[in-house]
Amino acid sequence: MTNELPSVPERMLNLTKSSLEVLQGYVFEGQWQVPDEIYEHRLKVCSTCDWYDGSVYCRKCGCPMNHKAKYAAMECPMGYFPKYKDTY
């Protein structure tokens, strides 16, 4: 594990992929954002992860987790939280 974020091109690629996944999740599954309690849980998971930089970013994917954790189609790059599916 490194203390540095991925390179800027890699972070931009990851951000682009994540944006497309969020859009697809909304269009095809009707899922946009997670409920507040799921969001808070995801942030707690991030705060205990060795890849979390302690402020905002995941050093594995380079994403700002305070934003990424809000969206249902997003999942942790380390597998600590899956995509959210509303089963109601």
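Tyr26 is partly exposed, with a relative accessible area of 44%, where partly exposed covers the range between buried, under 20% relative accessible area, and exposed, over 50%, as found with a 1.4 Å probe and protein chains only. This residue belongs to helix α1, and helices here are DSSP runs of H or I with at least four residues, while strands are runs of E with at least two, both numbered from the N terminus. Once residues up to four places away in sequence are set aside, Tyr26 touches Gln31 and Trp32, a contact being heavy atoms within 4.5 Å. Tyr26 and Tyr71 are 45 residues apart along the chain, yet their C-alpha atoms are separated by 9.4 Å.

The model is predicted, so local features need pLDDT of at least 70 and side-chain atom pairs count only at pLDDT 80 or more, whereas totals for chains, interfaces and linings use all residues. Residues are numbered from 1 along each chain as its sequence is written, and side-chain values use heavy atoms, with hydrogens and water left out.

Seen as a whole, the protein has three helices and zero strands, and its elements follow the order α-α-α from the N terminus. Its radius of gyration is 13 Å, close to the 12 Å that the globule rule gives for 88 residues, so the protein is as compact as a globular protein of that length; the radius is taken over C-alpha atoms, and the rule is 2.2 Å times the number of residues to the power 0.38. The C-alpha trace spans about 40 × 25 × 20 Å along its principal axes. Of the 88 residues, 31% are buried, and among contacts between residues at least 6 apart in sequence, 61% join residues at least 24 apart.

Helix α1, which covers residues 8-29, also holds Asn14. With a relative accessibility of 16%, Asn14 counts as buried, and beyond its neighbours within four places in sequence it is in contact with Cys61 and Cys63.

Val56 sits in the loop between α2 and α3, the latter being residues 65-68, and at 24% relative accessibility it counts as partly exposed. Between Val56 and Leu43, which are 13 residues apart in sequence, the C-alpha to C-alpha distance is 9.8 Å.

Helix α2 runs over residues 36-47 and includes Ser47. The side chain of Ser47 reaches the backbone oxygen of Lys44 at 2.8 Å. The C-alpha atom of Ser47 lies 11 Å from that of Asn66, a residue 19 places away along the chain.

In the segment after α3 lies Ala72, which counts as buried at 0% relative accessibility. Apart from neighbours within four places in sequence, the contacts of Ala72 are Gln31, Trp32, Gln33, Val34, Arg42, Lys83 and Tyr84; Gln31 and Trp32 are also touched by Tyr26.

Finally, the charges: the protein has 10 positive and 11 negative side chains, and the centres of the two sets lie 3 Å apart. In this count Lys and Arg are positive and Asp and Glu negative, with His and the chain ends not counted, and each charge is placed at NZ of Lys, CZ of Arg, CG of Asp or CD of Glu.

Note on methods. A polar contact is a pair of N or O atoms within 3.5 Å; within protein, one must be able to donate a hydrogen and the other to accept it, and residues adjacent in sequence count only if both atoms are side-chain atoms.
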